[in-house]
Structures are given as structure tokens and as C-alpha cells.
Amino acid sequence: MSGTITIPVLSGQKLFAGDPAEIAALRRAAERHGFLYLVDHGIDPALIAGVFEQAHAFFARPDADKDAVHLDRTRHRLGWEPLKAQTLEEGSPPDLKEGFYVGPDVTADDPRVLAGRFGVGPNQWPGDMPEFQATMNAYFTAAASLAADVMGALALALDLPGDYFDDFNRDASCRLRLLHYPPQPANPQPGEKGCGAHTDFGSVTLLLQDEAGGLQVQDVVTGEWIDAPPIAGAYVVNLGDLIARWTNHRFQSNPHRVINRSGKERYSVPFFFTGNPDYVVECLPTCLAPGETPKYPPITTERHLAESYARTYGG
Ligand SMILES: O=C(O)CCC(=O)C(=O)O
Ligand SMILES: [Fe+2]
């Protein structure tokens, strides 16, 4: 770790107005790290505070209570994920984190549910927490809209029209994830950490983290792990594998990990934006130099997502 490479802080207000200097900074960040901080994003700080408050209250419950909304109770895997259920870094011990997954708030008779679309189904909500559902649904809607705005800025950074990703953004598949990390143990297993090194699966991830710290990003050029310390009120925005695939790796989906050395509990809230399930992602016209060939065949976002989840849950 060193302080020599820093992750840029960009303004949502400027990006979404198409400010050329800010778009150029986004392009540089996307090419180098696939990571940036986003300020002036327009999401109500009270809503963000409410999400953390509800997450704290949920995770503080006994496991026996949380088990009532275990994600294995749904085919589409929404709800509580116990500690050590996921292994994001192949060959490492399972992640020292527990989580809670929220999806779009659909009912059982939604056509997408009836058609068995991947990952779509009714949410499970914890009992006796009246504010939880309303807070998560409100945040989900706000985050999906912000992610669509970030996609618009990415289109400009790729020299495409600002509405280029509108079809991708329509009826987008998204996951809101609440995470709770215990402190890193004094004597961890070799390779044991809060969240193993991985790249995200989707297009953009909007991450909120509390003040504990511990998030690190690997620089693609030097291979070094850079700290991504919390900045109050800012999102960490990172690009996922779909963007790398779509841009023929002109834009990066960087490996990142979490080691919670704060000695305290750590809470974070990633929101994953994966786009319209039927959308076919294939190499963008502005990402292929003459004579180059696409590194990947076209794929629907639904298929890409299903394959990615299967890989990290041992499916
Ligand atoms: O908790 C964090 O800060 C990062 C979580 C993460 O990378 C993920 O859930 O994909
Ligand atoms: Fe991640």
C-alpha cells in the first residue's frame, strides 16, 4: 500500500451536466482504475443515514431471527446471507462478512417472476422492522436512478451519445446489498479477509462505506493495493466486468478487497447495476481500433450475471 496513486474525486453535478473536463477525468479514472469517488451526487444524506441505521438494527439481531429471511428460502436468493457464505477470492477461505440482498420490489405474479427470470422474485423483509422495507425501497429507487446517470456520463467518456445506454438502463436488474464485517481476527487463516479480491459482475457499483475503512483497490499497472479510505458523504463508484467486456477492456473492472483492520464492526452498502436482462452486450464501436477483434462474444446481461454468481457461490 502506498499513497502514490490516488483515486480521483469527481462531481456528479458536473458529470451529469456533461462538463468536458469532468468527463475527461472520468475517462482517465475508468481507463486506469475503474474506481472513483463521487460527490455532489444528489442522494439525500438522510436516506443514506436511514439505510445504515436499518442495516445496523437488522444485523444486531440473533442469527435465529435472521434465519427467518435466509436467502436460501428463495429461488432468487434475496434476504440474509450468513457469515462465510460467499468466497469471492478463489482459493481463499470464505469471506468474513454477512449480508442482506434486496432486489426490485416485485410481487409473485410479476411476469418476470412467472417466467423464472434469473434473480427476480419478491423480497424477504425482516418482521417487526416497519421502517426497513420503506427505507430500502426508497434507497433502491434513488440508487438505480443515480446509476443510470453514471451510465450516461460513461457514454460521453466513451465518445458515444449521452443516451447510448438508455436501452440498457431500462427495467435494469439491480441488487442492493447490506454488508456487515466483524473485525479482522487476531489470528486469521491464511488468506482470510472480510471480502476476498474480486471484480464486480455488473456495470457500475455504487458503494457506501462507513468510517471503518479497509477497502483496497488493485492498480492494474503496478499491481499494488491502494487504500480507498472512506470520504464522508461520497460514494465509491467502480466499474464491473460487464463494462470491461463491453469496452474490450479499454475501461477496467479492477480487483478490490476488504480487510477490516479497524478493530470495530464495519458496515457497507454496495448497489450493483446490471442493466436490462435481455440487453446484449457486445464490443462498443468506439472500443475497437482498426485491426483489433473483440475479446468476447456477445452475451445477454442475464446470462453474464447467472454465470458470475455461480462462480462465487460454488454453483
Ligand atoms: O464492503 C465493501 O466496501 C466492498 C464490497 C464489495 O466489493 C462487494 O460487495 O462487491
Ligand atoms: Fe465488489
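Strand β2 is mostly covered, with four of its five residues buried; here a residue is buried if 20 or more other C-beta atoms lie within 10 Å of its own, exposed if 12 or fewer, and partly exposed in between, with C-beta atoms placed from the backbone. Helices (H or I, at least four residues) and strands (E, at least two) are DSSP runs, numbered from the N terminus. The model is predicted: local features need pLDDT of at least 70 and side-chain atom pairs count only at pLDDT 80 or more, while totals for chains, interfaces and linings use all residues. Residues are numbered from 1 along each chain as its sequence is written, and chains are lettered from A and ligands numbered from 1 in the order in which they are written.

The secondary structure of the protein chain comes to nine helices and 14 strands. Its radius of gyration, taken over C-alpha atoms, is 19 Å, close to the 20 Å that the globule rule gives for 315 residues, so the chain is as compact as a globular protein of that length. The globule rule is 2.2 Å times the number of residues to the power 0.38. Along the principal axes, the C-alpha atoms fill a box of roughly 60 × 50 × 40 Å. Of the 315 residues, 42% count as buried.

Strand β2 belongs to an open sheet of eight strands in the order β1-β2-β10-β7-β12-β5-β4-β3, with mixed pairing; two strands pair if DSSP finds at least two bridges between them. The edge strands are β1 (9-11) and β3 (79-81), each pairing on one side only. Neighbouring strands of this sheet are turned by 25 degrees against each other on average, direction ignored. On one side, β2 runs parallel to β1, joined by three bridges, and L10 has L38 as its bridge partner in β2. With strand β10 (residues 235-239), β2 pairs in the antiparallel sense over four bridges. There, L38 has Y235 as its bridge partner, and F35 stands opposite N238. Helix α3 lies across β4 (98-102), β5 (173-181), β7 (204-209) and β12 (266-275), and runs at about 115 degrees to β12; axes are lines fitted to C-alpha atoms, for helices over the stretch in contact, and angles run from 0 to 180 degrees between N-to-C directions.

A second open sheet has four strands in the order β6-β11-β8-β9, with antiparallel pairing. Its edge strands, each pairing on one side only, are β6 (195-198) and β9 (225-227). The twist averages 25 degrees from one strand to the next. Strand β8 (residues 215-218) pairs with β9 in the antiparallel sense over three bridges, and V217 stands opposite I226 in β9.

Helix α6 has 28 residues and reaches 42 Å from its first C-alpha to its last, close to the 40 Å expected at 1.5 Å a residue, the expected span being 1.5 Å times one less than the number of residues. Leaving aside neighbours within four places in sequence, F271 is in contact with A143, A147, C174, L176, T205 and L206.

Several loop residues also deserve a mention. L284 lies between β13 (280-281) and β14 (299-300), and counts as buried because it has 21 C-beta neighbours inside 10 Å. Beyond its neighbours within four places in sequence, L284 is in contact with L158, W246 and T247. The C-alpha atoms of L284 and T247 are separated by 5.7 Å, although the two residues are 37 apart along the chain.

Most residues other than glycine have a negative phi. Phi of D40, however, is positive, near 50 degrees. D40 sits in the loop between β2 (35-39) and α3 (45-59), and is partly exposed, with 14 C-beta neighbours inside 10 Å. D128, in the loop between α5 (111-114) and α6, has a positive phi of about 60 degrees; D128 is exposed, with 7 other C-beta atoms within 10 Å. Just after α6, D159 also takes a positive phi of about 60 degrees.

Terms used: Two residues are in contact if their C-beta atoms, placed from the backbone, lie within 7 Å.
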